[in-house]
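Good morning, colleagues. Please take a moment with the sequence and the structure before I turn to a single packing arrangement.

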Amino acid sequence: MKIPDNIYNYYKRIMSILLVFPILFIIMAGHTVNASLHEDARKIIEDIKHIPALSNEERLDLSIVASDAVTNGVPYKDIRKIIQDSLKQKQEVTSLVATIKILSDTGKKGLPLLILINKTKEGIAKKMPMKRIEEVVDKKAEVLKDVQRLIRKSKENGLIVKREQKSIINLVDKIERGVPYEYLKQLLLHAAYKRQSIEEVEHISDRLASLIEKGISVDRAKKMIEETMGREISVELEEKMERRGQAIERKEDARKERLEDIEGKKEERLRKGSKMEH
(Lines give C-alpha, C1' and ligand atoms only; values in the text may rest on other atoms or scores of the structure.)
Protein backbone atom coordinates (compact mmCIF):
# COMPACT_ATOMS: atom_id res chain seq x y z
CA MET A 1 0.00 0.00 0.00
CA LYS A 2 1.40 3.40 -0.97
CA ILE A 3 1.86 5.94 1.87
CA PRO A 4 0.23 9.33 1.11
CA ASP A 5 2.73 12.09 0.32
CA ASN A 6 1.57 14.36 3.18
CA ILE A 7 2.08 11.59 5.79
CA TYR A 8 5.41 10.58 4.23
CA ASN A 9 6.72 14.16 4.29
CA TYR A 10 5.53 14.59 7.90
CA TYR A 11 7.48 11.56 9.09
CA LYS A 12 10.48 12.62 7.03
CA ARG A 13 10.54 16.01 8.82
CA ILE A 14 10.23 14.27 12.23
CA MET A 15 13.18 11.98 11.44
CA SER A 16 15.28 14.92 10.25
CA ILE A 17 14.63 16.74 13.54
CA LEU A 18 15.50 13.64 15.58
CA LEU A 19 18.79 13.27 13.69
CA VAL A 20 19.72 16.96 13.98
CA PHE A 21 19.10 17.29 17.75
CA PRO A 22 21.97 14.99 18.89
CA ILE A 23 24.38 16.80 16.57
CA LEU A 24 23.28 20.19 17.92
CA PHE A 25 23.65 18.88 21.48
CA ILE A 26 27.26 17.78 20.83
CA ILE A 27 28.13 21.12 19.21
CA MET A 28 26.53 23.09 22.04
CA ALA A 29 28.25 20.95 24.69
CA GLY A 30 31.64 21.56 23.07
CA HIS A 31 30.86 25.25 22.75
CA THR A 32 29.89 25.38 26.45
CA VAL A 33 33.21 23.79 27.50
CA ASN A 34 35.20 26.17 25.27
CA ALA A 35 33.18 29.14 26.51
CA SER A 36 33.89 28.13 30.11
CA LEU A 37 37.64 27.89 29.43
CA HIS A 38 37.67 31.25 27.64
CA GLU A 39 35.79 32.79 30.55
CA ASP A 40 38.39 31.43 33.01
CA ALA A 41 41.17 32.75 30.77
CA ARG A 42 39.50 36.16 30.75
CA LYS A 43 39.18 36.07 34.56
CA ILE A 44 42.85 35.24 35.11
CA ILE A 45 43.90 38.08 32.79
CA GLU A 46 41.61 40.41 34.76
CA ASP A 47 43.15 39.20 38.04
CA ILE A 48 46.69 39.81 36.78
CA LYS A 49 45.72 43.26 35.51
CA HIS A 50 44.94 44.35 39.08
CA ILE A 51 48.22 43.13 40.62
CA PRO A 52 50.13 46.32 41.43
CA ALA A 53 53.64 44.91 41.96
CA LEU A 54 54.23 44.06 38.29
CA SER A 55 55.81 45.95 35.44
CA ASN A 56 53.84 46.20 32.19
CA GLU A 57 56.15 43.64 30.56
CA GLU A 58 55.78 41.18 33.47
CA ARG A 59 52.01 41.67 33.46
CA LEU A 60 51.86 40.93 29.72
CA ASP A 61 54.08 37.82 29.93
CA LEU A 62 52.16 36.47 32.93
CA SER A 63 48.79 37.14 31.29
CA ILE A 64 49.77 35.27 28.12
CA VAL A 65 51.11 32.11 29.82
CA ALA A 66 48.39 32.02 32.51
CA SER A 67 45.53 32.35 30.01
CA ASP A 68 47.15 29.67 27.78
CA ALA A 69 47.52 27.38 30.82
CA VAL A 70 43.83 27.71 31.71
CA THR A 71 42.86 27.02 28.09
CA ASN A 72 45.10 23.91 28.12
CA GLY A 73 43.38 22.44 31.15
CA VAL A 74 45.12 23.89 34.21
CA PRO A 75 42.29 24.82 36.61
CA TYR A 76 41.73 28.56 37.06
CA LYS A 77 41.75 28.30 40.89
CA ASP A 78 45.16 26.58 40.84
CA ILE A 79 46.77 29.10 38.51
CA ARG A 80 45.32 31.96 40.57
CA LYS A 81 46.69 30.50 43.83
CA ILE A 82 50.14 29.82 42.34
CA ILE A 83 50.39 33.41 41.10
CA GLN A 84 49.03 34.98 44.29
CA ASP A 85 51.17 32.93 46.71
CA SER A 86 54.40 33.31 44.74
CA LEU A 87 53.97 37.08 44.33
CA LYS A 88 53.21 37.43 48.04
CA GLN A 89 56.62 35.90 48.65
CA LYS A 90 58.08 38.32 46.06
CA GLN A 91 59.26 35.41 43.95
CA GLU A 92 61.05 35.97 40.65
CA VAL A 93 58.42 36.64 37.96
CA THR A 94 60.54 35.27 35.08
CA SER A 95 60.74 31.82 36.71
CA LEU A 96 57.05 32.00 37.67
CA VAL A 97 56.19 32.60 34.00
CA ALA A 98 58.47 29.71 32.96
CA THR A 99 56.88 27.35 35.52
CA ILE A 100 53.34 28.18 34.40
CA LYS A 101 54.42 27.63 30.78
CA ILE A 102 55.62 24.12 31.72
CA LEU A 103 52.17 23.42 33.23
CA SER A 104 50.50 24.78 30.09
CA ASP A 105 52.64 22.70 27.69
CA THR A 106 52.07 19.57 29.80
CA GLY A 107 48.29 20.06 29.71
CA LYS A 108 48.41 20.60 25.95
CA LYS A 109 50.11 17.20 25.51
CA GLY A 110 47.32 15.45 27.43
CA LEU A 111 49.59 14.51 30.34
CA PRO A 112 48.50 14.30 34.01
CA LEU A 113 48.66 17.82 35.42
CA LEU A 114 47.88 17.27 39.08
CA ILE A 115 51.39 15.95 39.86
CA LEU A 116 53.01 19.14 38.53
CA ILE A 117 50.42 21.46 40.08
CA ASN A 118 50.93 19.85 43.50
CA LYS A 119 54.72 19.97 43.13
CA THR A 120 54.54 23.70 42.27
CA LYS A 121 52.28 24.45 45.25
CA GLU A 122 54.48 22.35 47.53
CA GLY A 123 57.58 24.30 46.49
CA ILE A 124 55.87 27.65 47.06
CA ALA A 125 54.54 26.51 50.47
CA LYS A 126 58.12 25.56 51.46
CA LYS A 127 59.27 28.98 50.21
CA MET A 128 61.71 27.44 47.76
CA PRO A 129 63.19 29.87 45.23
CA MET A 130 61.02 30.03 42.11
CA LYS A 131 64.00 29.12 39.93
CA ARG A 132 64.42 25.87 41.88
CA ILE A 133 60.67 25.15 41.62
CA GLU A 134 60.90 25.68 37.86
CA GLU A 135 63.78 23.16 37.63
CA VAL A 136 61.96 20.52 39.72
CA VAL A 137 58.69 20.90 37.78
CA ASP A 138 60.52 20.85 34.43
CA LYS A 139 62.36 17.64 35.37
CA LYS A 140 59.13 15.95 36.46
CA ALA A 141 57.38 17.08 33.26
CA GLU A 142 60.17 15.45 31.20
CA VAL A 143 59.71 12.18 33.10
CA LEU A 144 55.96 12.33 32.39
CA LYS A 145 56.64 12.85 28.68
CA ASP A 146 59.20 10.02 28.56
CA VAL A 147 56.81 7.57 30.26
CA GLN A 148 53.95 8.62 27.96
CA ARG A 149 56.12 7.99 24.88
CA LEU A 150 57.23 4.63 26.27
CA ILE A 151 53.66 3.53 27.00
CA ARG A 152 52.39 4.62 23.58
CA LYS A 153 55.27 2.87 21.79
CA SER A 154 54.60 -0.32 23.78
CA LYS A 155 50.89 -0.02 23.03
CA GLU A 156 51.69 0.02 19.29
CA ASN A 157 53.56 -3.27 19.83
CA GLY A 158 50.71 -5.03 21.63
CA LEU A 159 50.56 -3.70 25.21
CA ILE A 160 47.00 -3.40 26.53
CA VAL A 161 46.40 0.06 28.04
CA LYS A 162 42.95 1.02 29.31
CA ARG A 163 43.64 4.26 31.21
CA GLU A 164 46.77 5.97 29.94
CA GLN A 165 46.89 8.88 32.41
CA LYS A 166 46.48 6.61 35.43
CA SER A 167 49.22 4.30 34.14
CA ILE A 168 51.56 7.25 33.53
CA ILE A 169 51.04 8.41 37.14
CA ASN A 170 51.63 4.88 38.48
CA LEU A 171 54.84 4.30 36.53
CA VAL A 172 56.26 7.76 37.33
CA ASP A 173 55.64 6.94 40.98
CA LYS A 174 57.69 3.72 40.60
CA ILE A 175 60.57 5.65 39.01
CA GLU A 176 60.53 8.10 41.90
CA ARG A 177 60.63 5.15 44.30
CA GLY A 178 63.84 3.87 42.72
CA VAL A 179 62.82 1.62 39.80
CA PRO A 180 65.30 2.28 36.94
CA TYR A 181 63.74 3.72 33.78
CA GLU A 182 65.57 1.19 31.57
CA TYR A 183 64.24 -1.74 33.61
CA LEU A 184 60.72 -0.33 33.33
CA LYS A 185 61.26 -0.10 29.58
CA GLN A 186 62.25 -3.80 29.49
CA LEU A 187 59.15 -4.80 31.46
CA LEU A 188 56.89 -2.84 29.08
CA LEU A 189 58.53 -4.33 25.97
CA HIS A 190 58.21 -7.84 27.42
CA ALA A 191 54.54 -7.24 28.32
CA ALA A 192 53.87 -5.85 24.82
CA TYR A 193 55.47 -8.94 23.24
CA LYS A 194 53.23 -11.20 25.34
CA ARG A 195 50.14 -9.02 24.65
CA GLN A 196 49.72 -8.39 28.39
CA SER A 197 48.02 -5.53 30.22
CA ILE A 198 50.09 -2.64 31.56
CA GLU A 199 48.66 -3.53 34.97
CA GLU A 200 51.06 -6.50 35.02
CA VAL A 201 53.99 -4.10 34.65
CA GLU A 202 52.58 -1.81 37.35
CA HIS A 203 52.27 -4.79 39.72
CA ILE A 204 55.83 -6.06 39.12
CA SER A 205 57.39 -2.58 39.33
CA ASP A 206 55.48 -1.93 42.57
CA ARG A 207 56.98 -5.09 44.11
CA LEU A 208 60.43 -3.99 42.93
CA ALA A 209 59.96 -0.49 44.39
CA SER A 210 58.88 -1.98 47.74
CA LEU A 211 62.08 -4.06 47.92
CA ILE A 212 64.26 -1.06 47.05
CA GLU A 213 62.52 1.01 49.76
CA LYS A 214 63.47 -1.71 52.28
CA GLY A 215 67.15 -1.02 51.55
CA ILE A 216 67.75 -3.87 49.10
CA SER A 217 70.03 -2.90 46.19
CA VAL A 218 68.43 -2.48 42.78
CA ASP A 219 70.34 -5.43 41.26
CA ARG A 220 69.47 -7.77 44.15
CA ALA A 221 65.82 -6.63 44.09
CA LYS A 222 65.64 -7.32 40.34
CA LYS A 223 67.05 -10.84 40.84
CA MET A 224 64.55 -11.52 43.62
CA ILE A 225 61.67 -10.37 41.41
CA GLU A 226 62.91 -12.44 38.46
CA GLU A 227 63.33 -15.54 40.67
CA THR A 228 59.81 -15.06 42.04
CA MET A 229 58.45 -14.59 38.53
CA GLY A 230 60.26 -17.77 37.46
CA ARG A 231 58.69 -19.74 40.31
CA GLU A 232 55.27 -18.28 39.52
CA ILE A 233 55.67 -19.25 35.86
CA SER A 234 56.71 -22.81 36.91
CA VAL A 235 53.71 -23.11 39.23
CA GLU A 236 51.47 -21.79 36.48
CA LEU A 237 52.85 -24.39 34.03
CA GLU A 238 52.41 -27.18 36.58
CA GLU A 239 48.81 -26.12 37.17
CA LYS A 240 48.21 -26.02 33.42
CA MET A 241 49.70 -29.49 33.01
CA GLU A 242 47.62 -30.80 35.89
CA ARG A 243 44.45 -29.31 34.41
CA ARG A 244 45.37 -30.77 31.03
CA GLY A 245 45.96 -34.19 32.61
CA GLN A 246 42.61 -34.03 34.39
CA ALA A 247 40.91 -33.09 31.11
CA ILE A 248 42.54 -36.07 29.36
CA GLU A 249 41.42 -38.38 32.19
CA ARG A 250 37.84 -37.07 31.91
CA LYS A 251 37.87 -37.66 28.15
CA GLU A 252 39.23 -41.19 28.65
CA ASP A 253 36.56 -41.95 31.27
CA ALA A 254 33.87 -40.66 28.93
CA ARG A 255 35.28 -42.80 26.08
CA LYS A 256 35.24 -45.89 28.31
CA GLU A 257 31.65 -45.21 29.36
CA ARG A 258 30.60 -44.92 25.72
CA LEU A 259 32.35 -48.21 24.85
CA GLU A 260 30.75 -49.96 27.84
CA ASP A 261 27.38 -48.59 26.79
CA ILE A 262 27.89 -49.86 23.23
CA GLU A 263 29.00 -53.30 24.51
CA GLY A 264 26.01 -53.44 26.84
CA LYS A 265 23.62 -52.71 24.01
CA LYS A 266 25.27 -55.40 21.85
CA GLU A 267 24.87 -57.99 24.59
CA GLU A 268 21.24 -56.98 25.08
CA ARG A 269 20.55 -57.44 21.35
CA LEU A 270 22.28 -60.83 21.37
CA ARG A 271 20.17 -62.01 24.35
CA LYS A 272 17.00 -60.88 22.64
CA GLY A 273 18.01 -62.68 19.42
CA SER A 274 18.78 -65.86 21.35
CA LYS A 275 15.38 -65.82 23.07
CA MET A 276 13.60 -65.40 19.72
CA GLU A 277 15.40 -68.44 18.29
CA HIS A 278 14.25 -70.57 21.24
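Predicted model: local features only at pLDDT ≥ 70, side-chain atom pairs only at ≥ 80, totals over all residues.

**A helix pair and its surroundings**

Thr99 is found in helix 4. Is Thr99 buried or exposed? Its relative accessible area is 1%, so Thr99 is buried.

Let me now turn to the helix pair. Two packed helices are described by the angle between their axes and the distance between the axes. Here, helix 4, residues 93-108, and helix 5, residues 114-125, have axes that come within 10 Å and cross at roughly 165°. Helix 4 is therefore roughly antiparallel to helix 5. The crossing of the two helices is left-handed.

Which residues form the contact? From helix 4, Thr99, Leu103 and Thr106 meet Leu116, Ile117 and Thr120 of helix 5. By class, this contact has 3 nonpolar and 3 polar residues, and no charged residues.

I close with helix 5. It has 12 residues, and its span from first C-alpha to last is 16 Å, close to the 16 Å expected at 1.5 Å a residue. The buried residues of helix 5 are Ile115, Leu116, Ile117, Thr120, Gly123 and Ile124. These buried residues pack against helix 4, and also against helix 3 (76-88), helix 6 (130-156) and helix 7 (164-176). Just after helix 5, Lys127 adopts a positive phi of about 60°.

Technical notes. Residues numbered from 1 in each chain as written. Heavy atoms only, no water. Axes fitted to C-alpha atoms, helices over the stretch in contact; angles between N-to-C directions. Helix = DSSP H or I, 4+ residues; strand = E, 2+ residues; numbered from the N terminus. Parallel < 35°, antiparallel > 145°, perpendicular 65-115°, else oblique. Left-handed = near helix turned anticlockwise from the far one by under 90°. Contact = heavy atoms within 4.5 Å. Nonpolar A, V, L, I, M, F, W, Y, C, P; charged D, E, K, R; others polar. Buried < 20%, exposed > 50% of the residue type's maximum accessible area, 1.4 Å probe, protein only. Expected span 1.5 Å × (residues − 1).
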